[in-house]
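This report goes through parts of a predicted model. It begins with a loop position and then moves to the neighbouring elements, the sheet and the chain contact.

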Amino acid sequence: MGDTLRIYAKLIAAQGRSQASYRFSFWLDLGSNVIIVGADLLAVLVIFSRVPVLAGFSVTETVLLFGLSLNAFSLADLFVGNIERIRFYVRFGTLDTVLIRPLGVLPQLLALDVGFRRIGRIIYSLAVLTVALVLADIDWTPWRVVLLIATPLFGAMFFCAFFIATSTVAFWWIESGELANALTYGGRDFTSYPITVYGNWFRRIFAFGLGFAFVAYYPGLALLGRADPLGGPMWLGLVSPVVALAAGGVAAAFWRFGVRHYRSTGS
Amino acid sequence: MKIIETEELKKTFTVHIKAGRFRRKRTTVAAVDGVSLSIQRGEMVGYLGPNGAGKSTTLKMLTGVLQPSGGLVSVCGLTPVAQRIKLARRIGVVFGQRSTLWWDLPLRDSFELLRHVYRVPPAEHAARLRTCRDLLDLDSFADTPVRQLSLGQRMRGELTTALLHGPEILFLDEPTIGLDIVSKQAVRGFLAELGERGDTTIVLTTHDLADIERLCRRIIVIDHGRVVHDGSIDALHARYGSRRRVIVDLDAPLETPIDVPGVELESSTGTRLVFAVDGSASVGPLVSQLTASGTLRDLTIAEPEIEDVIARLYQQAAVRSLG
């Protein structure tokens, strides 16, 4: 196990050295990433410059949910965001070269392009969350501290599962990238706001059907000590780990099924 | 001892064919359609066939990349897809058309990384690398990033990486495709030497028949997913009636025509005659009759071209599949 991790550490370090050979592009990516996520926060603030309360939530509460969601997403994106490139790996036969190595397929693909350039987002999202925590009125208890640390981690796990499950479609349908992007980025945007802002059927599908309510919304309510305006019980704030693990299980099954049905490309 | 064995190996793909503006018809295409092979340890086998015959698909099923749709396959006593990781340690694979090297790093780094990936003890790794370095002349470009290497240099690197973990079988999918003559010869020479040592089984697909003639005692020809020939090159010539040619230059036209069983006069232009000799017939009687005529100036014997034989084989297979 430790041995395997050391191999991946070597592979990831090699990837880092590869990226370093394109230094300008690296810094450009790093910068543009921060600007893009910066625009998202601006959108939240613009809404609150017009209305004092959004679907029952104040600006500080909303920014807290935004910060939790952003941390979860950035962390997931750092490790598995690269899986959205799977359609290229399938099309150009990279997957064949991965399958002939004595290592797992998914970790190898992830190690092919670790998002060092996305590290800027992590720093930025931590900053947003810190500001939100300072401004929000939270009654701190040891359990809430644990919840605060666990929420982005399990949220990240949930997003990782989502990234992987949606990208699996590429094994059959090489041009599936747009669908996968719509679902993952759509999911991120969905979790950035209180779910009370969405229409009824839309909320049911994304929040409960797909499980996005448990990334930031319910843990966020538990942190704030607020009752759910939708009438959900308090314990919903604590089930994120269960939801994340279930999502992980589904993603693993999808992935295994996908690899089995991989059909490679000509020659 | 058998190291590769397949029985009625099949791979079918479902394809959607446009039928009308919105409708698409689903059909099943068999890329590999019942291939049964048995390869012994230490053999060097050429796997031939026209484009789309199913060569690469077979190779991918043998290496654990693709799951067969039917039939049995066993490589090194393992089931390739189910035991992919175990098998990967015991085989080496070179894809002529895609690189397994780290594109932006010096070639040397790829060698070092694969030492970790395959968990090869440093001493073993160093010994194998030394052999490859000498035989393939790697030192002059080992520090160059892979993306800056020429195709020939890159292929030498690919060969090395496929061998550093001491595989029992080396699979090569078109290893000489696109290489210049010098690089081709370097690759062939290296493979020939590897094959002669006898501890590595080599299976290669190619379109370059010179590769096969130089390297493989046994060739398997596949077409439309089925094996159409499995045996030595000589057996192939015998089976498809390849004929040697005897080209003769005379001082003066012959007075009496040559009459030797199994020999046919193919063309005659002035004092140059071309005879075709059946695979089973000897050239001896023809030569002695020519010598006796007293006008013989020069004589050349041309061996049958394997290209001709293979082309005929492909055509026959195509005709069969039409009929």
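**A loop position in chain B**

Val120(B) sits in the loop that links helix 3 and helix 4 of chain B. Is Val120(B) buried, partly exposed or exposed? Val120(B) has 18 other C-beta atoms within 10 Å. Burial takes 20 or more such atoms and exposure 12 or fewer, so Val120(B) counts as partly exposed.

When neighbours within four places in sequence are set aside, the contacts of Val120(B) are Arg115(B), His125(B), Leu164(B) and His165(B). Gly166(B) is 46 residues away from Val120(B) along the chain, and the C-alpha atoms of the two are 8.9 Å apart.

**Helix 3 of chain B**

Strand 6 of chain B is largely enclosed by the rest of the structure, because five of its five residues are buried. Ile169(B), Phe171(B) and Asp173(B) lie on one side of this strand, Leu170(B) and Leu172(B) on the other, and both faces are covered.

Strand 7 (residues 201-205) of chain B is likewise mostly covered, with five of five residues buried. Thr201(B), Val203(B) and Thr205(B) point one way from strand 7, while Ile202(B) and Leu204(B) point the other way.

| Strands of chain B | Sense | Bridges | A facing pair |
|---|---|---|---|
| strand 5 and strand 6 | parallel | five | Ile91(B) and Ile169(B) |
| strand 6 and strand 7 | parallel | five | Asp173(B) and Thr205(B) |
| strand 3 and strand 7 | parallel | four | Gly46(B) and Leu204(B) |

Ile169(B) also has a bridge partner in strand 7 of chain B, namely Thr201(B). From strand 6 (residues 169-173) of chain B the chain reaches strand 7 by way of helix 6 (residues 181-197). This β-α-β crossover is right-handed.

**Domains and confidence**

Chain B is divided into domain 1 (2-238) and domain 2 (243-303). Their C-alpha centres are 44 Å apart.

For chain A the mean pLDDT is 87, and 97% of the residues reach 70 or more. Where in chain A is confidence lowest, and where is it highest? Helix 2 (residues 23-50) of chain A has the lowest mean, 81, and helix 8 (residues 142-167) of chain A the highest, 94. Where pLDDT is low, the predicted coordinates should not be read in detail.

Notes
Residues are numbered from 1 along each chain as its sequence is written. Chains are lettered from A and ligands numbered from 1 in the order in which they are written. This is a predicted model: local features need pLDDT of at least 70, side-chain atom pairs count only at pLDDT 80 or more; totals for chains, interfaces and linings use all residues. pLDDT is the predictor's confidence in each residue, from 0 to 100. Helices (H or I, at least four residues) and strands (E, at least two) are DSSP runs, numbered from the N terminus. Two strands pair if DSSP finds at least two bridges between them. A crossover is right-handed if, with the strands pointing away from the viewer, the path from the first strand over the helix to the second runs clockwise. Domain bounds come from an automatic or database domain assignment. Two residues are in contact if their C-beta atoms, placed from the backbone, lie within 7 Å.
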